[in-house]
Amino acid sequence: MIRVRHRLTAVAALPFLLALAVDLTLYVLLHDRLPDPLASHFTGNGRSDGTQSRGSAPVFACVLHLGLGALWAGMAAVGGPAVRRLRWLIAAGYATAGFVGYLLAATLLANADATDPARVRLPLWQIAVGAGVAVLAAALGRLLLMTLPTPPPEPSSRPDADRTPRLDLAEGEVAGWMRRAPSRVLLVCGALLFVAAGALLFALGPSQGVGALFGAVVCLVFSCPYVTVDRRGLTARPTALPWPRIRIPLSDVDRAVSRDIKVLAEYGGWGYRTRTGKSGLMLRSGEAIVIRRSDGREFAVTVDDSGTAAALLNTLARRAEARG
């Protein structure tokens, strides 16, 4: 199982390393023919409307490719064998690496021997060629994924449907439960975006790093929410903000259980996810509290000590039902 996980991680990171190698090699070969500054941004008609220093070009390429590579490798490492069944995830990574790598290379070639960056052109047909490269790269990713061994199916950890855990509380006794639910994926993404924002600020100026900085703040703010169970039901909210919050009232709880969840296999990714008949706050794979609501749908949150939370929620829901 560990070997499969390592191979998946390597396969996920490979296209970004290859694309970076191609772009850096091309930069070295063209270095003496490149103007300073370089044309780096183009309008819809292919005209240059932005520049960057020649020395910042390889920095930008490294940040972009290594950041994206770390993101896809992290998803493969966390998802493990589930990634094997989600072939689109690997294919999307290869397509992204192919498309981004081609456009960076095309930009360098367009700048070669230019005397005035304002006169550099990058025609729209280059976008079409980049899309073609992305399709071919995605196909290569699917082929490489097929060469990996298929892991044995894991035994189901879903508990008996008739088992409803309860927490013994005396009449009139009040109880509550609270846990943080940290997400390594969001923490890593936030850290990578902060690094990318710093590199973009250095290479391209303040206006180019704002987007990455905003993304880093969003990831970090939502990376470690609080999950509570009390007389109001189940509530999940960001660590530092009172909103947005998710609340399942006691009147909407039919039954709560604890079980392991494979985020990629069952929900297709991290964050607030919806699927037919179910939704959930998916922050990592592993232990989760799963609530069957009164309308038959499910809601799940991945959090430690979910068994205690489920038992308390069942007890509070039955007590509220008896009183109502």
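In what order do the four strands of the open sheet lie? The order is β3-β4-β5-β6, with antiparallel pairing; strands pair if DSSP finds at least two bridges between them. The model is predicted, so local features need pLDDT of at least 70 and side-chain atom pairs pLDDT 80 or more, whereas totals for chains, interfaces and linings use all residues. Residues are numbered from 1 along each chain as its sequence is written, and side-chain values use heavy atoms, without hydrogens and water.

Strands β3 (177-180) and β6 (246-248) form the edges of the sheet, each pairing on one side only. From one strand to the next, the twist averages 10 degrees. Strand β5 (residues 233-237) is joined to β6 by three bridges, and Leu234 has Ile248 in β6 as its bridge partner. Helix α9 (residues 306-323) lies across β3, β4 (226-230) and β5, at about 35 degrees to β4; axes are lines fitted to C-alpha atoms, for helices over the stretch in contact (heavy atoms within 4.5 Å), and angles run from 0 to 180 degrees between N-to-C directions.

One aromatic pair is found in the whole structure, where pairing requires ring centres within 6.5 Å. The ring centres of Phe16 and Trp72 are 5.5 Å apart and the planes stand at 35 degrees, so the pair is tilted (under 30 degrees is stacked, over 60 edge-to-face, the rest tilted). Phe16 belongs to helix α1 (residues 2-30) and Trp72 to helix α2 (residues 56-79), 56 residues apart. Phe16, at 1% relative accessibility, is buried, and Trp72, at 12%, is also buried (under 20% relative accessible area, 1.4 Å probe, protein chains only).

Note on methods: Phe/Tyr/Trp six-rings, centres within 6.5 Å; stacked < 30°, edge-to-face > 60°. Helix = DSSP H or I, 4+ residues; strand = E, 2+ residues; numbered from the N terminus. Buried < 20%, exposed > 50% of the residue type's maximum accessible area, 1.4 Å probe, protein only.
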